[in-house]
Amino acid sequence: MVDCAVDYVGTEAHGIGREAEDMDPAYAINQVIDATRAGGATGVIGVYGPDPLAKSKAEQEGTYPIDFGKAWIKSPRISAGQAPIMHYNRELMMAILWDRMPYLSAMLNTKVISLDDAPDAYATFDTGVSEKFIINPHGLIPA
């Protein structure tokens, strides 16, 4: 058992083993609940919305069979929804801009650009490149 587990899969989840080919949207979240120790924490970032191609009417409407009995017995803290980016966005941005975590800039593949270069950067980013552009309109960030 783990202290904390996160489901990033959502409605595209499949089973494992003999059920690996079977699409089962609730499988990932039930596995997260199963893997989390009693009193642990679970996070659901995966998207569980309506799926018009699903087998059952409930899944077509976005309702999935979660093992609530197991969740009740284990009493994990369950949070779901979009990642709380706005909660830590400013601190992360400042750490990148002031190079307080040099390993992070390399991992994120950031490139500081001028405001004049922004249209070309947007066009480049739109092609799917892994670079992340930081627009520096006043020239205050070392390139």
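Residues are numbered from 1 along each chain as its sequence is written, and side-chain values use heavy atoms, with hydrogens and water left out. Because the model is predicted, local features need pLDDT of at least 70 and side-chain atom pairs count only at pLDDT 80 or more, whereas totals for chains, interfaces and linings use all residues.

The secondary structure comprises six helices and five strands, where helices (H or I, at least four residues) and strands (E, at least two) are DSSP runs numbered from the N terminus. Along the sequence these elements follow the pattern β-α-β-α-α-β-α-α-β-α-β. The radius of gyration of the chain, 21 Å, is well over the 15 Å that the globule rule gives for 143 residues, so the chain is more spread out than a compact globule; this radius is taken over C-alpha atoms, and the rule is 2.2 Å times the number of residues to the power 0.38. Along the principal axes, the C-alpha atoms fill a box of roughly 55 × 35 × 25 Å. Of the 143 residues, 28% count as buried, the classes being buried (under 20% relative accessible area), exposed (over 50%) and partly exposed (in between), with a 1.4 Å probe and protein chains only.

The largest pocket has a volume of about 380 Å³. On a 1 Å grid over the protein atoms alone, a pocket is an open set of points where a 1.4 Å probe fits, with protein on both sides within 12 Å along at least five of seven lines, and lining residues have an atom within 4 Å of a point; the volume is the space filled by probe spheres set on the points, which are joined across faces, edges and corners. Of the 14 lining residues, Thr 110, Lys 132, Phe 133, Ile 134 and Ile 135 are the closest to the centre of the pocket. Two or more lining residues are given by each of α4 (85-97), β4 (110-113), α6 (118-126) and β5 (132-135).

Two residues other than glycine have positive phi values: Ser 75, near 50°, is placed in the loop between α3 (68-74) and β3 (77-80), while Asn 109, near 60°, lies in the loop between α5 and β4. Asn 109 counts as partly exposed, at 30% relative accessibility. Arg 100, found in the loop between α4 and α5 (102-108), counts as exposed at 59% relative accessibility.
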